[in-house]
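Q: I would like to learn how to read the main features of a model such as this one. Could we take them step by step?

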Amino acid sequence: MNRIYDSVEPRVIDDDMLKLAVGEQGPQEEAGQLAKQEGILFKDVLSLQLDFQNILRIDNLWQFESLQKLQLDNNIIERIEGLENLTQLVWLDLSFNNIKVIEGLDTLVNLEDLSLFNNRISKIDSLDTLVKLQVLSLGNNQIDNMMNIIYLRQFKCLRTLSLSGNPITQAEDYKMFICAHLPDLMYLDFRRIDDHMKDLAEMKYQYTIDELKHREHLRQAQLQEEQAQIMKLEEYKMAFVENLNGSFLFDSMYAEDMEGNKLSCLPIVGELLEVYKDKFVIICLNIFEYGLKQHEKRKLELDTFTECVQEAIQENQEQGKLRIARFEEKHLLNLSAIREESELLAIEKKIVECSEDITELFNVLMTLELQLVEQLEETINMFERNITDMVGLFIENVQSLMAQCRELENHHHEKLLEISIGTLEKIIKGELDEELPDDVRTFFADKDTIVNAVGASHDMHLLKIDNREDELVTRINSWCTHLVDKIHKDEVMRNRKRVKEINQYIDHLQSELDNLECGDMD
């Protein structure tokens, strides 16, 4: 039975409720009390219990980005929502609420245990992304269709399922049907499934399961093919030549070209158009293949650059670690000597020597960093020149190929205009043997009309070619600019971080020495 509160007002999840819950559920020992005084960060909370709170709507949980366990049972929640940011959630209890539809769980890809027991759910769906789901509790709902069981076959990790209290359980061979269709299930309705039941179910539904597996195999093959096509398209986009491996650009030129499509029925124009298309597509394919080759070259250039940078950083770090190890070996001995020394003058002398050693180490580490900065700056500048030249050459050659497309269009335009004017002359003289559709004849009212129609078609085709060229050039230039900018910014951030690390380390050493000096002086 669902929880319904008549005398208590529905509540919302606000900061006061969350702070109280986190405080009550946190550690109670001294460390816990200290955490309460300093303030508990919601982003660090791993478990949250909000049961029996008369909550109507899930809200205000976006800060709990590390949450792994969430208990929202025994409320009056009607919709699953507001959980998008809880991507680390492993355990979710929404039992004893008023939920009708499974939704809002798409981002919870780490969820293993989900309880929707005692709600108003009539269909099992919208769980596709929960690939780690092991336990699913849907007892005491309104599920009445056995096809819901087939939906659950996709969850390969599912081992425990509860459906007791649903109309579906009244179906003949309910348990055997589930055992046959979910062969990896271990527990059904709180009872372990024995091997004998599995064997009987397999025999009874063998033909059905074989058919189902066959369809699933075909569907999986189709999905894999679709995924492969998506990956290919992404690769083509990264090479800036998507939709150039066929007639897409040519077809797009005529997709909205009313005049061109009508004029294609003129004598000889159909054959002329086929020849034009074949040549045009060949040029597009040349651009496409050239683009993929250049993309591979750019990837190789970037990979080589990244490898060089990492090698330089690693080599520099090794030198730094070696210098630090030598220093610390000597430094520890010096500190021990200072602690054992009893004469004040000798102590002061040793402290000065230690301080000089620290300063020397600082200079050495900063010199190493400066050398690395200069080395990486040279490497980055060389990469920038190389990648800019590669992009420039790519653009130049693509523009040359696009110019060939325009030349084909110009040639076709001249031929079409020539044929159209010749057709007009035949119509005027009454010598045209072919019958033209009425909407095409309207173009042949006079010479200006036909010239304008052919010109409009030509202009549209050139615009499509120009736009595709501009798009390619703009995108690759933008990619190149952003890549180089990011590399420069990453190097600045790396340098700042390293300098900060060196200063913090040196400050720690100097502070340690200062404290030692103060202690000895006392």
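**Reading the fold, the charges and the backbone**

A: In this predicted model, buried residues make up 37% of the 522 residues in the protein.

Q: How many helices and strands does the protein have, and what does the radius of gyration say about how spread out the protein is?

A: The chain holds twelve helices and ten strands. Its radius of gyration is 37 Å, well over the 24 Å that the globule rule gives for 522 residues, so the protein is more spread out than a compact globule. Along the principal axes, the C-alpha trace spans about 125 × 80 × 50 Å.

Q: How many salt bridges are counted, and which parts of the chain does the pair D173 and K204 link?

A: A salt bridge is read from a side-chain nitrogen of Lys or Arg lying within 4 Å of a carboxyl oxygen of Asp or Glu, and by this rule the count comes to 19. One of them joins D173 to K204, with the closest N and O atoms 1.9 Å apart. That pair links distant parts of the chain, since D173 sits in the loop between β8 (160-162) and α4 (174-181) while K204 belongs to helix α5, 31 residues apart. D173 is partly exposed at 26% relative accessible area, and K204 is likewise partly exposed, at 46%.

Q: What separates the partners D490 and K486 within helix α12, and are E491 and R494 buried or exposed?

A: D490 and K486 form a salt bridge with their closest N and O atoms 2.7 Å apart; because they are four residues apart in helix α12 (residues 447-521), about one helical turn separates them. E491 and R494 also meet in a salt bridge, at 2.9 Å from N to O, and both of these residues are buried. Elsewhere, salt bridges that share partners join E242, R468, E471 and R475 into one network.

Q: Which residues form the negative surface patch, and which helix gives the largest share?

A: The patch is formed by D194, D195, D199, E202, D210 and E211. Helix α5 gives the largest share, three residues, although α5 (195-204) and α6 (206-238) each supply at least two. E211 lies in helix α6 and, at 34% relative accessibility, counts as partly exposed.

Q: What is the phi of N140 and of N243?

A: Most residues other than glycine have a negative phi. N140, however, has a positive phi of about 55° and is found in the loop between β7 (135-137) and α3 (147-151). N243 has a positive phi of about 65°, and its place is the loop between α6 and α7 (248-255).

Terms used:
Residues are numbered from 1 along each chain as its sequence is written. This is a predicted model: local features need pLDDT of at least 70, side-chain atom pairs count only at pLDDT 80 or more; totals for chains, interfaces and linings use all residues. Side-chain values use heavy atoms; hydrogens and water are left out. Patches are made of residues with over 30% relative accessible area and no salt bridge: like charges are joined within 9 Å, nonpolar side chains (Val, Leu, Ile, Met, Phe, Trp, Tyr) within 5 Å. Accessible areas come from the Shrake-Rupley method with a 1.4 Å probe; for residues, only the protein chains shown count as cover. Lys and Arg count as positive and Asp and Glu as negative; His and the chain ends are not counted. The place of a charge is taken as NZ of Lys, CZ of Arg, CG of Asp or CD of Glu. Buried means under 20% relative accessible area, exposed over 50%, partly exposed in between (1.4 Å probe, protein chains only). The radius of gyration is taken over C-alpha atoms; the globule rule is 2.2 Å times the number of residues to the power 0.38.
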